[in-house]
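Me: I'd like to learn how to read this structure. Could you take me through it one feature at a time?

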Amino acid sequence: MKTIKDIRLYKSEKTNDFGLPVTTSFANKKLSAVIHRIVMKLREQEFSFGDFDHLYINFTICNLPREIELSEKVDREHSWYRYCSVKINEELYLKLDSEESNNIILKLIEKVLVGCFATEEFDERLIHNCVKEAIEYGEDMLVLYKEKSTSNRKAKIFLRYLDSFKYLPLLRVYDSNDSIIFEKDFPETLALDCFGNIQLSSKKITIKPRKNIFSVKMKDMVFEF
């Protein structure tokens, strides 16, 4: 089972000679940000599509056997994604790129998630809660990214995802009673390479950068409390 990584949107109004949809990607910036937040919240809760982690949702005016059709075709070289087609009317199809259609699209995405991927372990209620939180909290939604615990301290790094497509990380340190004793907002960032291993003591936290070529010049972040 793979944890969800991405949901991407496509549209199609015709098929090729093999009966496969001719797709074009779409999604305005506001919609893209909301979808990313939904994926982040689902990923935090370890939601899975099964043996793939990218879902490509294709909104189409072409005929389908049913309103929502999850493709059984697997690209052997790219087995990490699947297509799911959703039948819509031509009026909505012509407005897919406009923000006025965002709410309808989000409801259809939620319908796909519930109809095709709800399980006993991750049921309809949990899916609805993740989608609801992403939509209602928007840029203020917190998603747990990393945590570290000791006998009397707990540190958590949360992520917020902005409409600018940047992350706004937040560090919180808790005592043994789960009261916040230290809080730190980090600058907006496109990458998270500075957030690697966490070292935590009773009075200090050290956040080391990831070990990769992008973090060679990054220094440890140390905070006392």
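Me: Let's start with bridge partners. In β14, which residue is the bridge partner of Ile205?

Reply: First, the general idea: helices (H or I, at least four residues) and strands (E, at least two) are DSSP runs, numbered from the N terminus, and two strands pair if DSSP finds at least two bridges between them. Here, Ile205 has Phe223 as its bridge partner in β14. β13 and β14 (residues 221–224) are antiparallel, paired over four bridges. Keep in mind that this is a predicted model, where local features need pLDDT of at least 70 and side-chain atom pairs count only at pLDDT 80 or more, while totals for chains, interfaces and linings use all residues. Residues are numbered from 1 along each chain as its sequence is written, and side-chain values use heavy atoms, with hydrogens and water left out.

Me: Which residue is the bridge partner of Leu200 in β13?

Reply: That's Ile205. Three bridges join β12 (residues 198–200) to β13 (residues 204–207), and the two run antiparallel. They make a hairpin, with three residues between the strands.

Me: In what order do the four strands of the open sheet come?

Reply: Read across, the order is β8-β9-β10-β11, with antiparallel pairing. β8 (143–149) and β11 (180–185) are at the edges with a single partner strand each, so one side of each has no neighbour in the sheet. From one strand to the next, the twist averages 15 degrees; for angles like this, axes are lines fitted to C-alpha atoms, for helices over the stretch in contact, and the values run from 0 to 180 degrees between N-to-C directions.

Me: Which helix packs on the sheet?

Reply: Helix α1 (residues 29–44) does, touching β8, β9 (154–161) and β10; contact means heavy atoms within 4.5 Å. The direction of α1 makes about 155 degrees with that of β9. As for β10 (residues 167–174), five bridges pair this strand with β11 in the antiparallel sense.

Me: Now pockets. What volume does the largest pocket have?

Reply: On a 1 Å grid over the protein atoms alone, a cavity is a set of points where a 1.4 Å probe fits but cannot get out; a pocket is an open set with protein on both sides within 12 Å along at least five of seven lines, and lining residues have an atom within 4 Å of a point. Grid points are joined across faces, edges and corners, and a volume is the space filled by probe spheres set on the points. In this model the largest pocket comes to about 480 Å³. It has 21 lining residues, and the closest to its centre are Leu20, Pro21, Ser71, Lys73 and Ser85. β7 gives the most to this lining, with four residues.

Me: Which element supplies the largest share of the lining of the second largest pocket?

Reply: α1 does, with five residues. This pocket has a volume of about 380 Å³. Of its 15 lining residues, Met40, Arg43, Tyr145, Leu159 and Tyr167 are the closest to the centre.

Me: Last one: is Glu46 buried or exposed?

Reply: Buried means under 20% relative accessible area, exposed over 50%, and partly exposed in between (1.4 Å probe, protein chains only). Glu46 counts as exposed, at 62%. Glu46 sits in the loop between α1 and β4 (48–50), and its phi is near 65 degrees, a positive value in a residue other than glycine.
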